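Visitor: I have a structure to go through with you. May I ask about its architecture as we look at it?
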Amino acid sequence: MADKIDFTKTLDSYHAKRGEFRILHVPPLQYLMIDGHGDPNTSPAYTAALEALYPVAYKLKFASKHERGRDYAVPPLEGLWWSADMEVFTASRDKSQWDWTMMLMVPDWTDDPALAAAVEQAGAKNPPARLGDVRLQPLAEERCVQTLHVGSFDDEGPVLQRMHDEFIPGHGLRMDGMHHEIYFSDVRRVAPETCSSMTSSASSCPGHDRAEEPAGSRLRHLLQRLRRRPGVRAQRVARP
């Protein structure tokens with residue numbers, strides 16, 4: 001059997017630095033996804049989403065290990081976040097207005113039959129309420145702006161404002177997507193000031209026509225919160 005893969009070590013998109021923004025290209029990846037709305041601290045739908053995602057992710061992991069001989073660490077939880085008014089992420093921080101898609105990245109050899117088998121196994125006993133809502137979907141971030149945030153998630157607003165209002169327009173870019181987070185710290189077990197998170201924003205090159213792409217590919221604002229190490233913030237951007 002090949003060595004166990006840790007995607008947080010092999011993918012550069014997990015490696016932003018604290019206190020600085022960078023522009024990078026994020027390769028196409030695929031995820032288990034499930035959608036919802038509202039404050040993740042109080043919404044039952046958010047809890048139900050996680051209760052559905054993780055069993056499927058681990059069934060896929062063990063199937064890959066035993067049937068394909070390819071083992072990997074289940075990557076950290078991620079989320080796409082957006083709202084009709086994106087200032088709710090930076091100024092008002094009104095979490096009740098947030099829409100979200102929670103995600104767990106899966107290897108590129110994961111296919112629909114593997115997902116169907118994992119869902120069936122996860123639902124064999126005490127099936128999660130939202131098990132049927134889990135889907136497999138690709139995500140093409142492309143060009144992103146990233147930075148790393150360490151501290152309470154409620155203190156990330158100024159970091160996002162600098163990214164949105166200074167760095168992105170200062171480099172001749174514009175935001176072109178949803179807010180995407182990766183959670184490397186378990187907020188239930190660590191102090192808020194030690195939590196870390198990553199934000200990235202994707203961009204398109206001059207002359208690139210995004211109108212031909214699916215709406216899901218055009219709407220990405222990547223914010224990634226990293227668990228047990230500094231968090232990275234990412235936002236997809238496009239040239240005006």
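Visitor: What is the order of the strands in the open sheet?
Guide: This is a predicted model. The open sheet has 5 strands in the order β5-β2-β4-β3-β8, and their pairing is antiparallel.

Visitor: Which are the edge strands?
Guide: They are β5 (135-139) and β8 (179-183), each of which pairs on one side only. From one strand to the next, the twist averages 35°.

Visitor: How many bridges join β3 to β8?
Guide: Strand β3, residues 77-82, is joined to β8 by 5 bridges, and the two run antiparallel. Opposite Trp 81 stands His 179 in β8.

Visitor: Which strands does helix α2 touch?
Guide: Helix α2 (residues 44-68) packs on the sheet and touches β2 (29-37), β3 and β4 (99-106). The direction of α2 makes about 15° with that of β4.

Visitor: Turning to helix α3, which of its residues are buried?
Guide: In α3, residues 112-122, the buried ones are Leu 115, Ala 118 and Ala 122. They lie on the same side of α3 because they cover an arc of only 65° around the axis. In general, an α-helix has 3.6 residues a turn, so residues three or four places apart point the same way.

Visitor: What covers them?
Guide: The cover over the buried residues of α3 includes β2, α2 and β5.

Visitor: And which exposed residues does the face turned away carry?
Guide: That face of α3 carries Pro 113 and Glu 120.

Visitor: What does Asp 111 reach at the start of α3?
Guide: A side-chain oxygen of Asp 111 comes to within 2.9 Å of the backbone nitrogen of Ala 114.

How values were computed. Residues are numbered from 1 along each chain as its sequence is written. This is a predicted model: local features need pLDDT of at least 70, side-chain atom pairs count only at pLDDT 80 or more; totals for chains, interfaces and linings use all residues. Side-chain values use heavy atoms; hydrogens and water are left out. Two strands pair if DSSP finds at least two bridges between them. Helices (H or I, at least four residues) and strands (E, at least two) are DSSP runs, numbered from the N terminus. Axes are lines fitted to C-alpha atoms, for helices over the stretch in contact, and angles run from 0 to 180 degrees between N-to-C directions. Contact means heavy atoms within 4.5 Å. Buried means under 20% relative accessible area, exposed over 50%, partly exposed in between (1.4 Å probe, protein chains only). The arc is that of the directions from the helix axis to the C-beta atoms. A polar contact is a pair of N or O atoms within 3.5 Å; within protein, one must be able to donate a hydrogen and the other to accept it, and residues adjacent in sequence count only if both atoms are side-chain atoms.
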